[in-house]
Amino acid sequence: MDELIYFDYAATSPVRPEAAAAMAEALGQFGNPSSRYGYGREAARRVKEGREIVAKALGCSPGEVYFTSCGTEGDNWALRRGVELNRRKGRHIVTTAVEHAAVLETCRDLERQGYEVTYLKPDKAGRITVDQVTEALRPDTALVSVMLVNNETGVLLPVAEAVKAVRAADRSVLFHTDAVQGFLKVPFPLCSTGADLITVSGHKIGAPKGIGALYVKKGVRLSPLLTGGGQEDGLRSGTEATGQIAAFAAAVSAAMADPGGPDRAAALKEYTLTQLKAALPRLEVISAGDVGHICAVTLPGYKSEVVVRVLGDKNICVSSGSACHKGKPSHVFAAMGLPKPWLDGALRLSFSPESTREQADALAAALREAAASLFTTLS
Ligand code: PLP
């Protein structure tokens with residue numbers, strides 16, 4: 001098998017060695033944080049430390065961080081309990097058409113329960129404006145959910161500005177942001193956006209899958225999604241995933257110790273786009289992305305699933321969109337109004353600070369070869 005060349009870091013990332021080591025240690029010390037004896041208290045201490053580290057990265061106090069099993073859980077919790085918290089206000093939700101399925105499918109479920117949802121349409125570049133958000137507000141709007149970084153285009157949405165504008169229009173609306181693709185990738189702490197609820201996930205930043213967190217701003221009296229033993233201050237029952245929490249904290253610390261990481265990913269992305277454009281004259285850039293690690297391109301006339309498979313046979317990993325689409329055309333690119341040949345040929349490339357120019361060169365060569373061979377088969 002060829003060496004793995006991975007350009008799908010927005011789907012998931014390798015576990016950082018620091019995270020794996022912290023997880024192994026925490027798994028060895030297997031106590032239940034709720035147990036009253038010293039061995040349990042030791043596990044509780046690790047969870048407390050992990051919470052402090054994640055809080056520092058988010059720019060909030062530890063008491064505002066609740067560990068979850070993943071970003072999807074955070075989004076579900078924020079939306080389902082957020083609207084419930086504000087139910088006296090009304091049953092209207094504002095979100096965007098470019099959200100991750102974790103938000104969109106939750107909104108669809110809420111629609112089936114009688115909520116009304118306004119899905120803001122992006123422009124051709126995948127952008128949403130603050131005015132669109134405020135113009136969609138109604139007297140019965142209970143919650144606004146706007147993602148921070150789109151997982152398919154890398155576009156940064158104006159969350160801080162939208163929070164400010166929504167607050168100015170109506171102080172009682174709750175604001176949630178899915179910041180799964182922004183956590184430790186944008187040059188500001190997520191809590192500086194002013195959002196009430198912020199979702200993050202570990203496996204996008206070098207922690208293992210199965211851990212995330214929801215920031216709940218002090219004073220926001222969100223009720224739990226999971227009830228039971230009352231862990232996480234009664235807000236998220238379930239025995240704490242001590243190994244994953246330790247790993248998450250170690251991955252966060254490692255990312256914070258390397259503030260130049262996003263810029264290195266951005267430089268490599270720029271290099272890759274230059275190489276791809278030189279190797280494939282038909283390639284078009286859908287979005288160069290505002291954040292360092294994500295961009296989207298297209299090969300009009302080709303089917304991205306086929307290209308992804310051909311590259312995959314060479315152990316080169318790219319995506320035809322969000323990993324959650326499973327071969328369906330991207331709802332994000334469709335909402336941007338891309339012409340069908342662009343939609344069909346769309347590829348998302350996502351980078352890490354450790355991605356190399358040699359890998360980018362190999363991708364460009366393999367993509368050129370794949371395009372040439374597929375063109376012959378198609379014509
Ligand atoms: N939100 C965004 C923007 C994502 O990119 C993802 C994962 O791809 C999620 C939510 C879901 O996160 P998780 O895989 O941790 O459930």
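Colleague: Is phenylalanine 30 buried or exposed?
Modeller: In this predicted model, phenylalanine 30 counts as exposed, because its relative accessibility is 64% and the cut-off for that class is over 50%.

Colleague: And which ring does phenylalanine 30 pair with?
Modeller: Phenylalanine 30 forms an edge-to-face aromatic pair with tyrosine 39, at 5.2 Å centre to centre and with 70 degrees between the planes; tyrosine 39 itself is partly exposed, with a relative accessible area of 33%.

Colleague: How many aromatic pairs are there?
Modeller: The count comes to 6 aromatic pairs, among them the edge-to-face pair of tyrosine 6 and tyrosine 9, with 4.9 Å between the centres and 85 degrees between the planes.

Colleague: Are tyrosine 6 and tyrosine 9 buried or exposed?
Modeller: Tyrosine 6 is buried, with a relative accessible area of 17%, and tyrosine 9 is buried as well, at 14%.

Colleague: Switching to the ligand, which residues are closest?
Modeller: The ligand is surrounded by 13 residues, of which the closest are Gly71, Thr72, Asp178, Ser201 and Lys204; helix 3, residues 71-85, supplies the largest share of that shell, with 3 residues.

Colleague: What lies 2.5 Å from a ligand oxygen?
Modeller: That is a polar side-chain atom of lysine 204, while histidine 203 places a polar side-chain atom 2.9 Å from a ligand oxygen, and a side-chain N or O atom of glutamine 181 lies 2.8 Å from one.

Technical notes:
Residues are numbered from 1 along each chain as its sequence is written. This is a predicted model: local features need pLDDT of at least 70, side-chain atom pairs count only at pLDDT 80 or more; totals for chains, interfaces and linings use all residues. Side-chain values use heavy atoms; hydrogens and water are left out. Rings of Phe, Tyr and Trp (its six-membered ring) pair if their centres lie within 6.5 Å; planes under 30 degrees apart count as stacked, over 60 as edge-to-face and the rest as tilted. Buried means under 20% relative accessible area, exposed over 50%, partly exposed in between (1.4 Å probe, protein chains only). A residue is near a molecule or strand if one of its heavy atoms lies within 4 Å of it. A polar contact is a pair of N or O atoms within 3.5 Å; within protein, one must be able to donate a hydrogen and the other to accept it, and residues adjacent in sequence count only if both atoms are side-chain atoms. Helices (H or I, at least four residues) and strands (E, at least two) are DSSP runs, numbered from the N terminus.
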